[in-house]
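The sequence and structure come first.

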Amino acid sequence: MLTAERRTEKKNKDEPWRDPHAEAYVRIENITKRFGDFVAVNNVSLKIFKGEIFCLLGGSGCGKSTLLRMLAGFESPSSGSIFLDGQDMAGVPPYERPVNMMFQSYALFPHMTVEKNIAFGLEQEKGLSRSDIATRVTDILEIVKLGPFAARRPHQLSGGQRQRVALARALVKRPKLLLLDEPLGALDKKLREATQFELINIQEQLGVTFIVVTHDQEESMTLASRIGVMNRGEIVQIGTPTEIYEFPQNKFVADFIGSVNMFEGTMIEDLPDRVRIKSDDLGGVIYVDHGISSAPGAIVYAAIRPEKISILRAPPADTTENCVKGVVKEIAYMGDVSIYLVKIDTGKMVRVTLPNIERLSDDERILWDETVWLTWHGSSPVVVTQ
Amino acid sequence: MKPAARTLGSRDAYGRLSPLWIFLLRYGPPRWSEYVVQNWTGQRLVIAVPYLWLLVFFLIPFLIVLKISFAEFSPLGRPPYEPVFQWLEEGALQVKLLIGSYVYLFNEPLYVSAWFYSLKVAFFSTLFCLALGYPMAYAIARSPPTQRNVLLLLIILPFWTSFLLRVYAWVGLLKTDGLINQVLFKWFGIVDEPLAMMNTSFAVYIGIVYSYLPFMILPLYSNLEKHDNTLLEAAQDLGAGPIKSFLRVTLPLSFPGIVAGSLLVFIPAVGEYVIPSLLGRTDQLMVAKLLSDEFFLNRDWPRASAVAIAMLLLLVVPIMIFQRFQNKELQAARK
């Protein structure tokens with residue numbers, strides 16, 4: 001059994017962002033980047049700790065790639081500063097930064113073999129002998145399991161192999177910080193899943209700090225120790241994958257991560273331990289079993305995840321709250337889960353997912369145009385104000 | 001459905017063909033015969049037109065020139081050479097091949113020096129074109145897309161004027177009382193006496209580099225324009241400064257463009273006639289001038305033909321070997 005003290009200690013080690021005394025490894029302070037009139041990155045501040053895999057997540061054009069390019073040194077910030085391990089990066093050109101990047105397109109040199117590609121970065125370093133370089137290349141090839149492919153050219157490799165070459169080429173430099181731009185974007189689904197775990201293993205093995213840019217929330221969920229969700233050049237929430245998914249702080253995050261049913265409403269009861277929201281979207285009252293901080297009478301949004309709603313064939317006896325009647329309009333069978341689109345009386349479509357635990361016969365299964373009742377627990381809705 | 005591949009030159013596949021065809025398919029140039037096998041249907045008509053064109057306007061004239069180069073010169077004849085092939089009265093075919101013209105090419109110091117001079121001029125002109133053209137092509141490839149077309153147009157613009165006129169214009173610039181000497185000598189007095197620029201190798205270099213620069217720039221541009229900028233970023237990211245990145249990434253990747261541009265300059269420069277005639281030295285001839293003198297002044301067709309054939313062999317054979325080598329390397333890389 002862990003004592004309370006040791007538990008905090010462990011937690012602080014695994015989650016240094018919870019420790020107010022922890023020293024940030026990468027400190028981004030009030031970074032803004034403008035291209036003409038367009039503000040790509042707007043006043044972003046971030047602290048990233050040593051050994052983290054930090055994911056910048058957002059749609060295209062949200063500024064995540066620009067932020068990454070500023071860290072690599074390809075763009076210089078319009079204002080604000082970046083500190084890496086205490087050192088100010090302003091005016092340091094990309095080739096002098098202790099930072100390496102894995103490009104989205106991998107950017108492997110087509111005229112060099114795998115071996116030469118990986119050795120390229122080491123050859124630029126002073127004071128490394130030929131045999132040192134050879135050893136380090138061999139070692140990293142071992143880690144990414146590309147030993148037999150050392151003499152091949154990039155175009156002779158599969159997508160997954162190229163991805164690993166790109167990773168090896170960046171890692172062999174032993175950077176303080178590795179930047180990964182959509183690292184798995186070009187791989188197919190199966191390979192992507194396998195590679196995600198491989199990437200985490202390598203990261204743990206080498207202890208390098210990763211910053212990953214991605215638009216794929218699933219990818220960020222599996223990889224990241226923390227996620228920074230970006231929208232329109234700003235960071236809208238920073239948190240662990242669980243926090244981001246279960247406790248989104250605003251409508252954008254709730255909507256962007258996973259799918260969600262959003263009900264607009266006004267607070268009719270606001271107590272420290274429970275809240276009631278009257279929603280015209282729902283045509284009823286939503287009961288939430290935890291308190292939220294908001295002005296009374298304010299317009300709020302209750303976000304309910306599809307997997308947290310259950311479908312009943314008869315109206316529940318005990319309560320009228322957290323319950324709504326509707327008609328099944330669409331059913332999508334996905335294998336592991338089924339997705340139901342239920343049209344409730346107000347005309348809004350509600351998305352519900354149910355795991356397919358049992359093999360049901362046709363009479364047992366909920367079918368199209370069936371009238372159903374949707375209910376959820378008081379802990380399920382997340383209430384956001386904007 | 002695609003029929004199974006037929007074996008080259010097998011009897012059953014070519015039952016209707018004459019033995020000559022079977023022989024050609026079996027022992028002819030491999031690519032060509034493969035082509036015929038795979039496209040034995042209507043597609044061959046499409047390719048037949050350019051092939052026919054090459055046959056009539058290149059291969060046959062080439063064979064005629066080749067034949068003349070082995071003929072005996074007869075100054076008073078019309079045409080001025082003895083026939084190579086002749087039917088004798090007994091029904092025998094007499095073939096008389098003289099290699100005298102070729103032997104002469106290698107023994108006559110005038111010819112040997114003209115050869116070396118031509119190769120030297122072509123080589124250095126190519127180098128100058130490369131040194132000038134590479135930065136220009138690079139700059140165009142790197143400029144914003146809207147400016148690119150304008151810049152390319154400026155490169156091609158001189159072609160709207162006749163080549164001959166442009167070379168003559170250089171005469172006006174370079175001659176003793178030409179524009180350059182006027183400015184340097186008369187107006188500013190930078191030089192003590194007018195520079196003798198006409199009829200020098202310098203003038204030939206100027207003329208060739210000026211005329212052939214676009215042929216260097218265009219293939220280089222089309223190569224450089226395709227370069228992926230992220231490769232340079234990757235090189236920088238891995239610690240290579242701008243110069244290192246250029247030398248290790250851009251330069252090797254632009255090698256095909258350098259080869260294409262250099263060949264496009266070098267080949268016509270070796271056989272250049274107009275520029276050395278108008279601007280060049282009178283005491284040192286280039287091969288093309290020699291050829292035309294043999295042909296028009298001496299009327300020695302066999303020797304002129306021999307010069308032409310030798311020029312072709314000396315230029316084309318190394319290039320073909322080089323390209324074959326490059327193709328092999330490419331194929332090896334693809335496997």
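In this predicted model, Glu29(A) and Arg27(A) form a salt bridge, with their closest N and O atoms 2.9 Å apart. A salt bridge here is a side-chain nitrogen of Lys or Arg within 4 Å of a carboxyl oxygen of Asp or Glu. Glu29(A) is partly exposed at a relative accessible area of 29%, and Arg27(A) is also partly exposed, at 24%. On this scale buried means under 20% relative accessible area, exposed means over 50%, and partly exposed lies in between (1.4 Å probe, protein chains only).

Residues are numbered from 1 along each chain as its sequence is written, and chains are lettered from A and ligands numbered from 1 in the order in which they are written. Local features need pLDDT of at least 70 and side-chain atom pairs count only at pLDDT 80 or more, while totals for chains, interfaces and linings use all residues; side-chain values use heavy atoms, with hydrogens and water left out.

**Salt bridges**

Over all chains the rule counts 26 salt bridges.

| Pair | Closest N to O distance |
|---|---|
| Glu29(A) and Arg27(A) | 2.9 Å |
| Glu75(A) and Arg69(A) | 3.3 Å |
| Glu125(A) and Lys173(A) | 3.3 Å |

With a relative accessibility of 22%, Arg69(A) counts as partly exposed.

What does the salt bridge between Glu125(A) and Lys173(A) tie together? Glu125(A) lies in the loop between H3 and helix H4 (130–143) of chain A, and Lys173(A) lies in the loop between helix H5 (159–171) and strand S7 (177–181) of chain A, so the pair ties together parts 48 residues apart in sequence. Helices (H or I, at least four residues) and strands (E, at least two) are DSSP runs, numbered from the N terminus. Glu125(A) is partly exposed at 26% relative accessible area, whereas Lys173(A) counts as buried at 14%. Elsewhere in chain A, Glu269(A), Asp273(A), Arg274(A), Arg276(A) and Glu321(A) are joined into one network by salt bridges that share partners.

**The interface of chain A and chain B**

Chain A contributes 25 residues to the contact and chain B contributes 22, where contact means heavy atoms within 4.5 Å. About 2000 Å² is buried between the two chains, and carbon and sulfur atoms give 58% of this area. Buried area is the accessible area (1.4 Å probe) that two parts lose on being put together, summed over both. Tyr95(A), Phe120(A) and Gln124(A) supply 29% of the area that chain A buries against chain B, more than any other three residues.

On the side of chain A that touches chain B, helix H2 (64–72), strand S6 (99–102) and helix H3 (114–123) each supply at least two residues.

**Chain A**

Chain A has nine helices and 20 strands. Its C-alpha trace spans about 80 × 55 × 50 Å along the principal axes. Of the 386 residues in chain A, 47% are buried.

Tyr106(A) has a positive phi, near 75°, although it is a residue other than glycine. Tyr106(A) sits in the loop between S6 and H3 and is buried, with a relative accessible area of 6%. Arg174(A), in the loop between H5 and S7, has a positive phi near 50° but counts as exposed at 59% relative accessibility.

**Chain B and confidence**

Ser125(B) lies in helix H5 (residues 109–142) of chain B and is buried, with a relative accessible area of 0%. Apart from neighbours within four places in sequence, Ser125(B) is in contact with Tyr205(B), Ile208(B) and Val209(B).

The mean pLDDT (the predictor's confidence in each residue, from 0 to 100) of chain B is 84, and 84% of its residues reach 70 or more. Over residues 1–12 of chain B, pLDDT stays under 50. Where pLDDT is low, the predicted coordinates should not be read in detail. The model scores ipTM 0.81 and pTM 0.77.
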